[in-house]
Amino acid sequence: MPFLSQTAGITERVDSVFLFMLAVSVAFLLGITGLMIYFVIRYSRKRNPQGEDIEGNAWLEVTWTVIPLVLFMGMFYFGWTNFEYMRNPPRDAMVIEATGRQWAWSFKYPSGRITDELFVALGEPVRIEVRSLDVIHGFYIPAFRVKADVVPGKNNYLWFRPEALGTFDIQCTVICGVDHSYMLSKVHVLSVPEFKKWYFADENAPAAGRSPAPAGKPEAAAGVSPGLAVLESKHCLSCHSVDGKPMVGPTFKGLFGAKRLVVAGGRDKEAVADGAYLRRSILDPSAEIVKGYPPAMEAVPLTDREVEDVIAYLRNLK
């Protein structure tokens with residue numbers, strides 16, 4: 001049985017219980033199969049042409065009842081105690097908000113910084129509070145053996161303590177739409193000094209460990225529009241496309257000057273996407289929600305210059 005020390009991590013606990021259950025299952029498979037083969041040969045019709053009634057054997061019946069009961073109760077005990085451990089994160093765990101939407105993840109840190117890939121420190125506990133802006137998703141980090149269902153309108157969480165440096169996959173385990181297979185991200189486990197350097201660095205600085213642009217999105221590289229650079233650095237393109245592709249938020253393509261049906265104060269109204277409308281939408285995104293889209297956007301801190309750069313970029317995006 002997987003007797004574990006108090007310092008055992010989630011990965012070791014889950015693996016230990018899994019291997020214990022696998023070993024018991026294999027032992028029963030081999031034992032039952034072996035007995036079947038023995039009985040088929042030993043009590044074949046050729047050897048025993050005349051059948052014999054057997055009324056019962058109390059010792060045998062007790063044995064084949066008690067042994068499986070003890071083994072399966074052992075599985076339940078270790079499964080329950082490890083589940084309880086996984087639902088009680090340490091009080092000093094860093095709390096990071098993970099938001100799922102079709103079809104991307106975003107992570108918000110206590111400092112307010114937002115990334116599309118997760119950065120954590122080696123050996124430091126992390127509590128991930130997950131939520132969905134649209135449909136049901138599943139937040140799963142296979143390397144750390146942790147998973148949580150992400151249900152709209154319901155808060156859920158998981159926690160883990162990174163035990164190895166490197167980059168590990170994050171997957172969505174629920175079929176959440178046509179691009180479900182692209183809903184991937186990464187966990188970057190850094191040493192404590194490297195994480196502190198990353199965490200306290202200016203999010204707009206080109207520091208090592210910065211989250212790259214999402215796959216299929218234009219890079220905010222030198223020579224591109226300053227407005228596009230802002231949209232990329234603030235992760236706006238995780239929810240809005242620039243090529244007309246439907247996402248969780250309205251596309252930016254052809255937005256400027258177009259008429260939009262919006263919901264404001266619980267009532268529908270028509271609005272023209274001019275400069276004033278775009279400024280209001282950036283600074284107070286919940287005031288006017290484009291009809292048919294969820295109220296998913298949170299206010300993103302931008303300077304006046306950044307707002308003007310974004311509006312200038314959208315003005316020319318046809």
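Okay, so before anything else: what we have here is a predicted model. Overall, the protein has 6 helices and 13 strands. There are 318 residues, and 37% of them are buried. If you take the contacts with a separation of 6 or more, 61% come from residues 24 or more positions apart.

Let's go to the helices. H1 covers residues 10-42 and H2 covers residues 58-86, and the two pack with their axes 10 Å apart, at an angle of about 165°. Anything over 145 degrees counts as roughly antiparallel, so that's what H1 is relative to H2. The crossing of H1 past H2 is left-handed.

Who makes that contact? On the H1 side you'll find, among others, Ile10, Arg13, Val14, Val17 and Phe20. H2 brings residues including Pro68, Leu71, Gly74, Met75 and Phe78. Sorted by class, the H1 contact with H2 comes out at 13 nonpolar, 2 polar and 1 charged residues.

Now the serine. Where does serine 241 sit? Look in the loop between helix H4, 226-233, and strand E11, 259-264. And is serine 241 buried or exposed? Its relative accessible area is 2%, and the cut-off for buried is under 20%, so serine 241 is buried.

As for its neighbours, leaving out residues up to four places away in sequence, serine 241 touches Met247, Thr251, Phe252 and Lys253. With threonine 251 there's also a side-chain to side-chain polar contact, at 2.9 Å.

Definitions and conventions: Residues numbered from 1 in each chain as written. Predicted model: local features only at pLDDT ≥ 70, side-chain atom pairs only at ≥ 80, totals over all residues. Heavy atoms only, no water. Helix = DSSP H or I, 4+ residues; strand = E, 2+ residues; numbered from the N terminus. Buried < 20%, exposed > 50% of the residue type's maximum accessible area, 1.4 Å probe, protein only. Polar contact = N/O pair within 3.5 Å; in protein donor to acceptor, adjacent residues only side chain to side chain. Contact = heavy atoms within 4.5 Å. Axes fitted to C-alpha atoms, helices over the stretch in contact; angles between N-to-C directions. Parallel < 35°, antiparallel > 145°, perpendicular 65-115°, else oblique. Left-handed = near helix turned anticlockwise from the far one by under 90°. Nonpolar A, V, L, I, M, F, W, Y, C, P; charged D, E, K, R; others polar.
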